[in-house]
Amino acid sequence: MALSLGKDLIGLEELSADQIRLILDTAEPFKEVSERAIKKVPTLRGKTIVNLFFESSTRTRISFEFAEKRLSADTVNVASSGSSVEKGENLVDTARNLESMRIDMVVMRHPSSGAAQFLAKRIRSNVINAGDGTHEHPTQALLDLLTIRDRLGRIEGVKVCICGDILHSRVARSNIWGLVKLGAEVAVCGPRSLMPRGIEGLGVKLFRRIEEAMEWAEVLNVLRLQLERMQAGFIPSLREYNRVFGVTVERLARASRKLLVLHPGPMNRGVEIDSRVADGEQSVILHQVTNGVAVRMAVLYLLAGGNPERAEAAKGQGSSREGAE
Amino acid sequence: MTVAGSRSALLDARAIKRALDRMAKEIISLAGGSEHLVLIGIQRRGVELAERLAHLITEKSGKAVERGALDITLYRDDLETVGPRPLVGQTHLPGELSGKCVIIVDDVLYTGRTVRAALDELADFGRPSRVGLSVLIDRGGRELPIQADIVGKSVDARRGDRVDVLLQEVDGRDAVELVREAS
């Protein structure tokens, strides 16, 4: 196997540009599977996947579940509430118990940064990070990259500005890694209190004013403003945030280029993004959601064949299609 | 006669053309005309061969022939042992298959596992009235009870041999060659 992802998908930081491109290219044919009358292929038949969600999520969990089911895997959903996690069971015990039931993969969302890596080191199953604390959310960034590539035909050289709470955002972090590796120009824009220190060190431009960012960029990726941030005193008020940083129709109209607007959801309409923008022709938010299923199918597929050594060993036995059949 | 580690020609460009010409006629007779015929090539060289056969059939019957492409990667039974193919090709089928005569086109028939996967995939798209199989080379060595209806050339290849089908559209020239590994 020339190029593989290894056992787990923890973040885009660990992946090479070629590995990221491999996932995006593999996602292409999976788009078509979801357009079929029978939206199912038998690729992961007999595999068991556990979706372990220690944080609430609708979109990501459902998107993973569709991806798994369309590949014919058997899936089990475990949410922290109502499970033994509530009784104080620790992460490794939970995972080892699941593994004793002979599962093949774990998709995990967890409030602590580094939780996915921690788990991956301790169990044999493949681990896919579905968001860990403020660390990474790799499949979200991959679907953002795929959407940009679909719409603009390329990623290299594209100017992308990520707007909002960069400090607490795993989506921002994964996007920055992915975009920089694929050769895009990346900027961030948001309140000073929500900018990580030393962000320019990642090869990222910094805009203080949303108008400047819009003049520079071709793509805006507008992050969700976590309402808890206001209570924690990072921003004065939601209305104030909208007045200074909100992506509005008026602001978009003043930009000299026609910008592409992404949002990872769920949206706070009227805070970081206006309804007329979210539902307008420059928004590709629903295209992102569609691509999410394809990207996750690609990741599951690439990890499932999984064990490169075993694959190498089997190659000599002539079951390869190449040239023979 | 082939020597160890050698490459010998099975078909040259003219022989391929002759074989395809005969196969096109046999397909028309199998399908009872070209009206309900759909040619479905298996990625990747099967797609090119289906394209050529469709062209030849159109020349003979005067009617356009429906075509499709099938990538069977997601229907393979050896993901576990061989690992994922880095790139899955596109599958696209021309609308409704029910009531049609579908001819699957591939370059080489060997173990039969690819055809098994193709039949499974086709079943997810509809219920053709008949499904046939047409291959340029039948090299023997079947591991499943699957046979071709229409064959360009049969060869007795050994396990470990490789049959390379080279096509102008993909490889820059037309040829079929037997590659025998040095023992």
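## Helix crossing in chain B

In this predicted model, helix H1 (residues 13–31) of chain B and helix H2 (residues 45–61) of chain B have axes that come within 9 Å and cross at roughly 65 degrees; the axes are lines fitted to C-alpha atoms over the stretch in contact, with angles running from 0 to 180 degrees between N-to-C directions, and helices are DSSP runs (H or I, at least four residues) numbered from the N terminus. The crossing of H1(B) and H2(B) is right-handed, that is, the near helix is turned clockwise from the far one by less than a right angle.

Contacts (heavy atoms within 4.5 Å) join residues of H1(B), including B:Ile16, B:Leu20, B:Ala24 and B:Ile28, to residues of H2(B), among them B:Leu49, B:Arg52, B:Leu56 and B:Lys60. Residues are numbered from 1 along each chain as its sequence is written, and chains are lettered from A in the order in which they are written. Local features need pLDDT of at least 70 and side-chain atom pairs count only at pLDDT 80 or more, while side-chain values use heavy atoms, with hydrogens and water left out.

## Aromatic pairs

Over all chains there are three aromatic pairs, defined by ring centres of Phe, Tyr and Trp (its six-membered ring) within 6.5 Å, with planes under 30 degrees apart counted as stacked, over 60 as edge-to-face and the rest as tilted. One of them joins A:Phe30 and A:Tyr301 edge-to-face, at 5.7 Å centre to centre and 65 degrees between the planes. Because A:Phe30 lies in helix H1 (residues 17–33) of chain A and A:Tyr301 in helix H12 (residues 285–305) of chain A, this pair ties together parts that are 271 residues apart in sequence. Both A:Phe30 and A:Tyr301 are buried, a class for relative accessible area under 20% (1.4 Å probe, protein chains only), against over 50% for exposed and in between for partly exposed.

The rings of A:Phe207 and A:Trp216 have centres 5.6 Å apart and planes at 50 degrees, so this pair is tilted. A:Phe207 is buried at a relative accessible area of 10%, and A:Trp216 is buried at 13%.

## Charges over rings

A:Arg296 lies over the face of A:Phe64, 4.9 Å from the ring centre, and B:Arg139 lies over that of B:Tyr110, at 3.7 Å; the criterion is NZ of Lys or CZ of Arg within 6 Å of the ring centre and within 35 degrees of the ring normal.

## Cysteines

The structure holds zero disulfides over all chains, a disulfide being a pair of cysteine sulfur atoms within 2.5 Å. The cysteine sulfur closest to that of A:Cys161 is in A:Cys163, 4.0 Å away and therefore too far for a bond. For A:Cys189, the nearest cysteine sulfur is that of A:Cys161, at 5.2 Å. A:Cys161 is buried at 0% relative accessibility, and A:Cys189 is buried at 1%.

How values were computed:
Helix = DSSP H or I, 4+ residues; strand = E, 2+ residues; numbered from the N terminus.
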